[in-house]
Amino acid sequence: MKRFWITLYRVLKAGVINFLRNLSLALPAIAVMSVTLFISLFLYIANATLSNTINQISNKISISIYLSDSVTNQQLKEFQTSLSKLPNVKSVGYISKDEALAIYKAENASNESLLTAVNETNNPLPASINVTPVDLNKIQDLKDFINQKKYQKLQDQQLGTSYAGDRKQAIDRIAKATTVMREAGIVGIIIFALVSALIIFNTLRMAIFNRRDEITIMRLLGARPWFIRGPFIVEASIYGIISALVSVGSIKLLFTISANSLQASSLGLLDISFSANYFNNHFWLLLGVQLLLGLTLGSLFAYIATRRFLKLKTSK
Amino acid sequence: MILLDRVSKIYNRKSTAIERINLHIEPKEFVIVVGQSGAGKTTLLKLLTREEKPTSGKIIVGGVDYDKLKDRDVPLLRRKIGVVFQDFKLLPNRTVFENVAFALEIVGMGTKEIENTVPRVLDIVNLKDKANSMPDELSGGERQRVAIARAIVRQPKILIADEPTGNLDPKYAWDVIKVLEKINRFGTTVLLTTHNQDIVNKLKRRVVVIENGKIVSDKTNASYRL
């Protein structure tokens, strides 16, 4: 067991020394691996941000059924109860004529002439029932229900029902953008992962070539394959660790700069302040995942490269 | 200690490196294998260190039957055989001490044990005072003695020296040969390949002559003429 730890220590030490000696050779590999990890982290945060945006907008959407002034309390209660029994209904609320007026006045508090005009008339605003659907994409059933004859006559003939059409379109747009971004990001990650694999292969191939005498000596002295291969894998794992740190650092820098210099709360569809908060709140988790990802990619590529280029088997 | 039974190594139809060689070497023997360049000496040694597998025939070294040897056990076999090369194969960026210690690091020996063992072996090859020198500060003969120290530091039962004097002036060549004789006196079987007629004739040991991949002569206390 002691021998195992001594050997492990020597393999790690050799890996670190080789990495330092090979630094100039390693820089391209680190650069492209950093880009790969940067894209994956950015994509992850953007995805979380857009999901959040969709959720927020979705929660604000409700169907408003404007009621005719002649609706009795009995009719209102029956309508509300039957609506709340529908499977696609999350909640049912009621805004009376007086409440509607109060809300209208509050929203237009700065517009005095409008307020004066409203005060002079007998409250023109209708009472309404607000329905929040569970799934916005399945409101057709709800529409059919509301449009039944017995309920139609309860509704204000001029205003009818508002299905918040504009917001639904916005949600669809964001959802579509999210899908496109996710797909493009995955393609990007795959391409950059392949490029970094190729560059790491090449870097290790050169490192193996530079150390061919050392490798021959190790083999002939009876070194186990892992003793020979280990330092190369340690070396590539260090590429992975550095790349993970660079990617997390770059994201941090990106959010700091966009939040401070641009004074912008969003980059296109992306809510930067949410992204920055999300990143800061999950900093250690994201850093850990990136480190794990970097280590896994680096050691996996090195394992494949050393299998391919280190000829450790006896020729027949 | 070493047994080769009808061993052949054929690389392709036009090139047969070794053909049906029979060779038996007893423990503690000092055997010199001679032959022109390309005669098959190096192939023979590569078969013994299992760098190459024979096309046919049986090889047994130190009780290990190579037919039954699995790839993963090859490192263990090589730890029992010390090898010295014509071009030394020292690590240029490590000191003499570190080069010798390297053979012990590979097998997982502890640092303290290494610090005790290496000076003793450097003493055997008369290089105790050069422990901190770099290889490029040494003469050819000294470098080869470092290589020998590295080969014997794990006390192998067999030492294979592939033309160890090939790159050396006669003066240094004898220093190396004397060290090999000393190691043999300690009980290690030595297999030396050379085409230095002078060395062969002065050593008066068992001489195996290889020509075109075949053993054409195998005599004890023999001399050799090119």
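How many of the 316 residues of chain A count as buried? The share is 27%, where buried means that 20 or more other C-beta atoms, placed from the backbone, lie within 10 Å of the residue's own. This is a predicted model, in which local features need pLDDT of at least 70 and side-chain atom pairs count only at pLDDT 80 or more, while totals for chains, interfaces and linings use all residues. Residues are numbered from 1 along each chain as its sequence is written, and chains are lettered from A and ligands numbered from 1 in the order in which they are written.

**View 1. Meet the two chains.** Chain A has 12 helices and six strands, and chain B has seven helices and 10 strands. Here helices (H or I, at least four residues) and strands (E, at least two) are DSSP runs, numbered from the N terminus. Of the 226 residues of chain B, 44% count as buried.

**View 2. An open sheet in chain A.** Four strands line up in the order β2-β3-β1-β4 (chain A), with antiparallel pairing; strands pair if DSSP finds at least two bridges between them. At the edges are β2 (89-95) and β4 (161-162) of chain A, each of which pairs on one side only. Strand β1 (residues 63-66) of chain A is joined to β4(A) by two bridges, and A:S64 has A:S162 as its bridge partner in β4(A). Helix α3 (residues 73-84) of chain A packs on this sheet, where it touches β2 and β3 (128-133) of chain A, and its direction makes about 160 degrees with that of β2(A). Angles run from 0 to 180 degrees between N-to-C directions, and axes are lines fitted to C-alpha atoms, for helices over the stretch in contact.

**View 3. A buried strand in chain B.** Take a look at strand β6 (residues 81-84) of chain B: B:I81 and B:V83 point one way, B:G82 and B:V84 point the other way, and all are buried. In a regular strand the side chains alternate between the two faces of the sheet. β6(B) pairs in the parallel sense with strand β7 (residues 158-162) of chain B over four bridges. B:V84 meets its bridge partner, B:A161, in β7(B).

**View 4. Two crossing helices in chain B.** The axes of α3(B) and helix α4 (residues 111-124) of chain B come within 10 Å and cross at roughly 115 degrees. From α3(B), the contact is made by B:V96, B:F97, B:V100, B:A101 and B:L104, and from α4(B) by B:I114, B:T117, B:V118, B:V121 and B:L122; residues are in contact if their C-beta atoms, placed from the backbone, lie within 7 Å. These residues divide into nine nonpolar, one polar and no charged. Ala, Val, Leu, Ile, Met, Phe, Trp, Tyr, Cys and Pro count as nonpolar, Asp, Glu, Lys and Arg as charged, and the others, Gly among them, as polar.

**View 5. The largest nonpolar core.** A nonpolar core is a set of buried Ala, Val, Leu, Ile, Met, Phe, Trp, Tyr and Cys residues joined through C-beta atoms within 7 Å. The largest one has 108 residues, and B:V100, B:I148, B:A149 and B:I160 have the most contacts inside it. Helix α2 (residues 23-60) of chain A gives this core its largest share, 13 residues. Leaving aside neighbours within four places in sequence, B:A149 is in contact with B:V100, B:V121, B:L122, B:V125 and B:L127.

Conventions:
A residue is buried if 20 or more other C-beta atoms lie within 10 Å of its own, exposed if 12 or fewer, and partly exposed in between; C-beta atoms are placed from the backbone. Two residues are in contact if their C-beta atoms, placed from the backbone, lie within 7 Å.
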